[in-house]
Amino acid sequence: MQKTRITAIIAEFNPLHKGHKYIIKRAKELTDGNSILVILSGNFTQRAEPAILEKHTRARQAIIAGADAVVEIPATYATGNAEVFAKAAVKIACSFSHVTHLVFGTEAQDLTLLKLIAKTVVKKRREFERSMKFYLKKGISFDNARTEVMKRLLPKIPGEVIEKTMHTPNNILAIEYLKELVRLKTTVHPIGVQRIKTPSASQIRAVVVSNSQHALALSSSVHDTSNQSQIILDSYNSSFGLIPVPKRKIDIPKSADLNYLTIANFEKFASLALFSLMTKLNEEIYNSNTELVNLIKNLHPTTYRQLKEQAPTKRFAVSRFARLALHCTLDITKKDINFLYKNTYVPYTNLLAVKKSGDSLFATLVLNQKTPLIVRGNKIKPKQNKYYHALKRIDEKAELLYESVSGVKVPKKCEFV
């Protein structure tokens, strides 16, 4: 009987497009894994926004694109910063004993420099943290401070090379994945797949959610409503055989089983998030501090757009404020995040979708004792401690919030595709 070997891919697939399908394809080619496990963010993403498609739909798309099973990162971590997101995802991947490789997208051609940066940060953690505090006190942004610290810790690497490497979001996430693999001292082997030139998920979201007269409220907009927009939509539609969109007209792709968020959905979410921020923000909310509380109190934004345009400073990026708003909405506190830093496991993960023909893989996944699957019929149950209940409560709030802003009912069962 063939031994089960699993290759894990960490992703958001918001939405899944040709570039993501390419990563799944390359994951099969570059590893000896006979199964592909996708570790997916749920209905709210790392950008602290509602996903354009409900999580089970995105999981089903992943199976159609070549994956064998999809599990979920709890909302508490899926909406965190790059370090929190990566910590949770890697710990979930490594909790499955049959996972041999971890595959992720990067801008780099190979992982040599990214691995060096990751190992340096872990081994020189105290020096890294001291240097970060030094640069941040000077008013430098977090991203620029991190780059300056790496220049100091790796003096033999040309500064311009470090700058180019550290200023792309895929590379930053890759470094965080690699850092966690080093910390866990795992045998899971990392493999980076260089991104191909294709419209990004953010471009697709902007075009799909918008129409010819409106720009997407929460993401960077694509203002060209003719050729460029059509190229993006054609690229996305061809991935799933959706009905082509007429030339020079931007419509939501037509599909019976796809429920895309609209501008109205995003505006509804923005109103709820802003209200929660203004009524709940305190120093116990994750990623909050006295300076941020006072900054928002003094600004007193009356719209979500005003928050994102006027609150950011050199020290605090726009993503920090978006996450604060969502964390206030879902009541995510520093205590909820601290467990992740103190333990080598995540209390549970939801099985979102699995290939119908994947009986042996399903049997392997449900035997995970470190991070048990929440799925009907699973004999290994999560330990229902205070932390488990805290994460479950946040997940339940996230589902209710998504349903209220999208009008889409979130399924409760795993899908067999």
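Helices α4 and α9 are oblique to each other, and their axes, which come within 9 Å, cross at roughly 50°. This arrangement belongs to a predicted model, in which the protein chain has a mean pLDDT of 86 and 87% of its residues reach 70 or more.

**The pair of helices α4 and α9**

- Helix α4 covers residues 82-95 and helix α9 covers residues 169-184, and where α4 passes α9 the crossing is right-handed.
- On the side of α4, the contact is made by A82, E83, F85, A86, K87, V90, K91 and C94, while α9 contributes I172, L173, E176, Y177, K179, E180, L181, R183 and L184.

**Salt bridges**

- Side chains of opposite charge can pair when their charged atoms come close.
- The count for the model comes to 23 salt bridges, and one example joins the side chains of E29 and R26, with 2.7 Å from N to O.
- Both E29 and R26 belong to helix α1, which spans residues 18-30, and they lie three residues apart, about one turn of the helix.

**Stretches to read with care**

- Over residues 211-226 the pLDDT stays under 50, and the model has 35 contacts beyond four places in sequence for this stretch.
- Residues 241-257 also have pLDDT below 50, and their contacts beyond near neighbours in sequence number 42 in the model.
- Where pLDDT is low, the predicted coordinates should not be read in detail.

Notes: Residues are numbered from 1 along each chain as its sequence is written. This is a predicted model: local features need pLDDT of at least 70, side-chain atom pairs count only at pLDDT 80 or more; totals for chains, interfaces and linings use all residues. Side-chain values use heavy atoms; hydrogens and water are left out. pLDDT is the predictor's confidence in each residue, from 0 to 100. Contact means heavy atoms within 4.5 Å. Axes are lines fitted to C-alpha atoms, for helices over the stretch in contact, and angles run from 0 to 180 degrees between N-to-C directions. Helices (H or I, at least four residues) and strands (E, at least two) are DSSP runs, numbered from the N terminus. Angles under 35 degrees count as roughly parallel, over 145 as roughly antiparallel, 65 to 115 as roughly perpendicular and the rest as oblique. A crossing is left-handed if the near helix is turned anticlockwise from the far one by less than a right angle, and right-handed if clockwise. A salt bridge is a side-chain nitrogen of Lys or Arg within 4 Å of a carboxyl oxygen of Asp or Glu.
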